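Hi,

Here is the structure I promised to pass on to you. Have a look at it first, and then read on for what turned up.

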Amino acid sequence: MSEWMVTTSSAVVLDESILQLWLLGHNVDQATILRMPAIQPPVPSRVLKSYITSQFRTYEMMHHYLHHPRHFAGQFMFPLSQSARQHLIERYYSFDEAVIREILGKKLNSRTRKDLDEVHEKTGVKLTSCRRQFDNLKRVMKKVEDAEGRNLVQDIEHQFLLPHHLARQYAHILFIADNKLDTFRKRLSCYQFTDFEYCGEVFMQYWTAPTMDTLPAFDPHLAQDVRDLKALMLNDRSVLDELRNRVSNNLAQSAHPPVLERIQSNFKVVLRNMLSVGCMINQQKEVRNIFLEISDKLVDAFLQVGWSPVDMELFYNSMMSEFGNTQSLTSRYRERYSNSWIRLVTGIKLASIRLYRQPTTQSLLTRSFTR
């Protein structure tokens, strides 16, 4: 005689408004108070509380499965449509940008988790929600840090079933965390999460090397090429003078004369600072300060001469286009380093324009253009 196991279950009803309150860390009583004014026609408080209690209980039961999205997608305990499961996963792994801004660049360890009380106080986000977001980051990091064969975004999409836009954000956050890039210096306080996340994407796209590891690293070959360029361009006066003249002539039609004059007189300093940023990318201790170096040595320099982001873009584009025309560099060197030069300058251009932000007046006055 055959044996059969029969299971029955009723459909799970997901209330988006209650899910949001649960994700924000509210308890049942708080959620009841918050939802009561929106219920039309009005219902007794005990009825609404019972409904919210049932919803919260369902989400708590799903909690474990949501830690393992691929298991959650294949389970049968909660009869949900594929779109509903996907929505729950996306909502669970969504995050508050203000919370991530306070975590960004820190080690994802127990000490940082203990400090989430400070994040809660600073952002106003409930502690339970801060912990969920931190734990999600740590969970994704642990899953991908030893993976091989896929790029980082693809692996996050595969392992956690996240939509592409959210997987990309996680990838950029983890890249910043893995390289311990400092985002907490006073000069950097004017920047938001989206500024750093954008720069993380730029660094990954232009300054990392192809690798079998899922988590990318800064390209040591690019850094070495930039060191070579630094020696070639700064130690040979003819190369420096020709490149400066070519860039100046290129900009003469678009830049205001006083502004152009100040850039011409400080061209070597700007070039040296650009090359210094490229040299630091495979130095673990130095690269931690890359955001500070770009904002302090490049953004502030252009702020002081009164250049706008449009002016900066024209300058960087001229630096790229005139490199190949600089005859003082032999054709062998131009061909050898052309790709690395474009990678370096493109990354600096995109990052520094994004970080173009006026610091406090006092901090700007204390800086020297030629430092």
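Lys 180 sits in the loop that links H11 to helix H12 (193–207). Its phi is positive, about 55 degrees, even though Lys 180 is not a glycine. With a relative accessibility of 26%, Lys 180 counts as partly exposed. Please keep in mind that this is a predicted model, so every value in this email is computed from that prediction.

Leu 161 also has a positive phi, near 55 degrees, and is likewise a residue other than glycine. You will find Leu 161 in the loop between helix H10 (152–160) and helix H11 (164–178). Is Leu 161 buried or exposed? Leu 161 counts as buried, because its relative accessibility is 18% and the cut-off for buried is under 20%.

Pro 41 belongs to the loop between helix H2 (28–35) and H3.

Ser 45 lies in helix H3, which covers residues 45–66. Its relative accessible area is 43%, so Ser 45 is partly exposed. Apart from neighbours within four places in sequence, Ser 45 has contacts with Thr 32 and Met 36. Ser 45 and Leu 152 are 107 residues apart along the sequence, and their C-alpha atoms are 47 Å apart in space.

Now for a pair of helices. The axes of helix H16 (residues 267–279) and helix H18 (residues 290–304) come within 10 Å and cross at roughly 165 degrees. Angles over 145 degrees count as roughly antiparallel, so H16 is roughly antiparallel to H18. The crossing of H16 and H18 is left-handed. Which residues meet there? From H16 they are Val 270, Asn 273, Met 274 and Val 277, and from H18 they are Ile 290, Glu 293, Ile 294, Lys 297, Leu 298 and Phe 302. By type, the residues of this contact are seven nonpolar, one polar and two charged.

Finally, a word on confidence. The protein has an average pLDDT of 89, and 92% of the residues score at least 70.

Best wishes

Note on methods. Residues numbered from 1 in each chain as written. Predicted model: local features only at pLDDT ≥ 70, side-chain atom pairs only at ≥ 80, totals over all residues. Heavy atoms only, no water. pLDDT = per-residue confidence, 0-100. Helix = DSSP H or I, 4+ residues; strand = E, 2+ residues; numbered from the N terminus. Buried < 20%, exposed > 50% of the residue type's maximum accessible area, 1.4 Å probe, protein only. Contact = heavy atoms within 4.5 Å. Axes fitted to C-alpha atoms, helices over the stretch in contact; angles between N-to-C directions. Parallel < 35°, antiparallel > 145°, perpendicular 65-115°, else oblique. Left-handed = near helix turned anticlockwise from the far one by under 90°. Nonpolar A, V, L, I, M, F, W, Y, C, P; charged D, E, K, R; others polar.
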